[in-house]
Amino acid sequence: MKSVRIGAGLGFYGDNWEPVAASIERGGVQFIASDHLAELTLAILQKDRQRDPALGYARDVVPMLLKLWPLMRERGVRFVCNAGGLNPRGAAQAVLAAFKAKGWQAKVAVVTGDDVLPQLQKADTGFDHLFTQASVAGVRERLVFANAYLGARPIVQALDAGADIVITGRVADAALFLGPLVHSLGWKLGGATDEQDLNRLAQGLTVGHLLECSGQGSGGNFGSQGAWQAIPDLAHIGYPIAEVHEDGTAFITKAPGTGGRVNFDTVRQQLLYEVHNPHAYFSPDVVLDMGGIQLLDEGDDRVRLTGARGTVPTDTLKVVAGFRDGYKAEVTWGFSWPDAWDKAQAAQATIRTLLTDKRIPHDELYVEYPGLNSAHGALAPMPKADALNQSNEIWTRLVLRTQDKAAADGFGRLFPWIGLSGPAYTCGFTGLHNTSELLGIWPTLIPRAGVEQGVGMELLS
């Protein structure tokens with residue numbers, strides 16, 4: 001039976017690509033699919049684009065491919081990524097320029113059409129916030145990007161056209177993996193209604209979901225109490241690899257001689273990661289029902305995956321949009337024993353008083369205590385004040401959110417005098433001058449037909 005092996009690339013912008021090299025050299029893969037866009041990455045790329053219109057893509061794609069291309073070329077491995085971000089053509093041109101400087105040639109395909117900002121800016125109705133149902137009218141004038149999550153179809157087209165490297169903008173994470181599977185195994189994608197076809201797509205979507213987070217699918221970030229310590233050699237972790245057969249049966253593994261662990265527990269943890277409803281995991285290509293999935297641990301870092309079921313996708317696509325949402329400034333400083341907690345409370349009260357006295361406009365003053373509640377917020381059980389006062393140190397982080405840039409710029413000036421005239425502190429201040437523009441995220445839905453007619457694929461070389 002025909003099969004293909006596909007390896008995980010990055011799980012986010014800035015991730016480590018050394019394990020990808022191990023998958024290419026020792027993992028027998030034909031494809032690498034690399035996910036550079038976490039949910040908020042487009043906001044980071046928008047700030048890059050504001051500074052330089054030629055940017056807006058994940059810049060790590062260039063050094064990554066300079067490292068990997070010689071290994072890929074030698075073995076015939078092809079590469080799919082969404083590093084194009086807000087500027088996929090710019091990313092492709094940067095890669096080709098870097099290759100030209102090395103005397104290398106490659107066929108690079110660019111997928112475009114995910115940019116739907118004009119549609120959100122022009123529409124009188126629709127595009128309500130996916131969770132609050134608020135009208136987009138409240139942010140329309142402040143929108144700076146809006147991108148639909150495309151499916152696997154243009155990736156398949158690019159691979160069918162012979163692309164060595166495919167660079168997309170915003171696509172559904174798992175579509176990066178589903179595209180090479182459809183291309184290699186001859187699965188039906190567009191218009192699939194037959195149960196067998198949909199279940200194969202569902203298996204492919206599950207594979208993509210298991211591989212899209214790089215090392216998290218092979219024992220990294222493993223959270224099982226008392227068991228995570230047994231994950232070996234995370235310093236040399238191997239990213240997960242899927243061996244997928246024509247009937248959809250898949251095996252999750254990793255390159256031999258690498259660290260990490262692929263077993264029933266590490267795979268099932270990743271399976272449920274970022275899943276709201278396991279019986280209806282929506283994607284542009286198929287709706288996945290995980291209820292029948294079976295994971296069989298075969299040992300030696302190999303887990304068999306079967307049983308995913310699929311149904312026809314919806315007539316809408318998810319959109320992530322970003323809008324200007326004011327500014328923030330933050331300051332952190334620490335207080336030591338004795339009475340560390342009471343000192344922190346007194347200093348915080350002083351800052352609130354100054355904000356009021358000086359009539360500094362702000363929407364919120366957010367306060368947290370690193371080491372106490374910054375990870376879990378209100379869910380973190382807080383010790384009594386008497387116990388906290390016996391702590392060696394209490395760190396306090398204050399974040400001012402405001403629509404007024406001058407207010408954010410001036411926030412740090414409220415603090416230095418406290419060094420000699422406030423509660424006794426230790427270790428100094430950090431972040432006195434660090435105003436940042438805030439971008440709010442607007443999730444919504446858009447009719448599929450109005451987006452897909454504008455999706456394009458261009459082959460460069």
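**Stop 1: a pair inside one helix**

Select E452 and R448, which form a salt bridge whose closest N and O atoms are 2.8 Å apart. The model is a predicted one, so local features are described here only at pLDDT of at least 70. Both residues belong to helix α14 (residues 448-452), and at 4 residues apart they are separated by about one helical turn. An α-helix has 3.6 residues a turn, so residues three or four places apart point the same way. Colour by accessibility and the two partners fall into separate classes: E452 is partly exposed at a relative accessible area of 26%, while R448 is buried at 14%.

**Stop 2**

R302 is partly exposed, with 23% relative accessibility, whereas E243 counts as buried at 14%.

Stay in the loop between β10 and β11 and pick D301. Its phi is near 60°, a positive value in a residue other than glycine. Most residues other than glycine have a negative phi, and most peptide bonds are trans. D301 is partly exposed, with a relative accessible area of 21%.

**Stop 3: a bridge across the sequence**

How many salt bridges does the structure hold? There are 21. One more to display is D325 with R142, where the closest N and O atoms are 3.8 Å apart. D325 is in strand β13 (residues 316-336) and R142 in the loop between α5 (117-122) and β5 (143-148), so the bridge ties together parts 183 residues apart in sequence. Each end is partly exposed: D325 has a relative accessible area of 22%, and R142 has 31%.

**Stop 4: one side of α9**

Select helix α9 (residues 264-271) and highlight T266, V267, Q270 and L271, which are buried. Why do they sit on the same side of α9? They do so because they cover an arc of only 140° around the axis.

**Stop 5**

In soluble globular proteins, nonpolar side chains tend to be buried together. The largest nonpolar core here has 110 residues, of which I24, F79, I165 and V244 touch the most other members. Helix α3 (residues 61-75) supplies the largest share of this core, 8 residues. Centre on I165 and show its contacts beyond four places in sequence: L65, W69, F79, F99, A106, K107, V108 and A109. Then move to a second, separate core of 25 residues, whose members include W333, A344, L355 and L414.

**Stop 5: a buried serine**

Go to S34 in strand β2 (residues 31-34). Is S34 buried or exposed? It is buried, with a relative accessible area of 0%. The side chain of S34 makes a polar contact of 2.9 Å with the side chain of H36. Leaving out residues up to four places away in sequence, S34 touches G9, L10, M64, F79, V80, C81, N82 and L176.

**Stop 7**

Select W337 and P338 and display the backbone; the peptide bond from W337 to P338 is cis, with omega near 0°. P338 is placed in the loop between β13 and α10 (340-357). Then select R359, in the loop between α10 and β14 (364-368). R359 is not a glycine, yet its phi is positive, at about 50°. With 74% relative accessibility, R359 counts as exposed.

Key:
Residues are numbered from 1 along each chain as its sequence is written. This is a predicted model: local features need pLDDT of at least 70, side-chain atom pairs count only at pLDDT 80 or more; totals for chains, interfaces and linings use all residues. Side-chain values use heavy atoms; hydrogens and water are left out. A salt bridge is a side-chain nitrogen of Lys or Arg within 4 Å of a carboxyl oxygen of Asp or Glu. Helices (H or I, at least four residues) and strands (E, at least two) are DSSP runs, numbered from the N terminus. Buried means under 20% relative accessible area, exposed over 50%, partly exposed in between (1.4 Å probe, protein chains only). The arc is that of the directions from the helix axis to the C-beta atoms. A nonpolar core is a set of buried Ala, Val, Leu, Ile, Met, Phe, Trp, Tyr and Cys residues joined through side-chain atoms within 4.5 Å. Contact means heavy atoms within 4.5 Å. A polar contact is a pair of N or O atoms within 3.5 Å; within protein, one must be able to donate a hydrogen and the other to accept it, and residues adjacent in sequence count only if both atoms are side-chain atoms.
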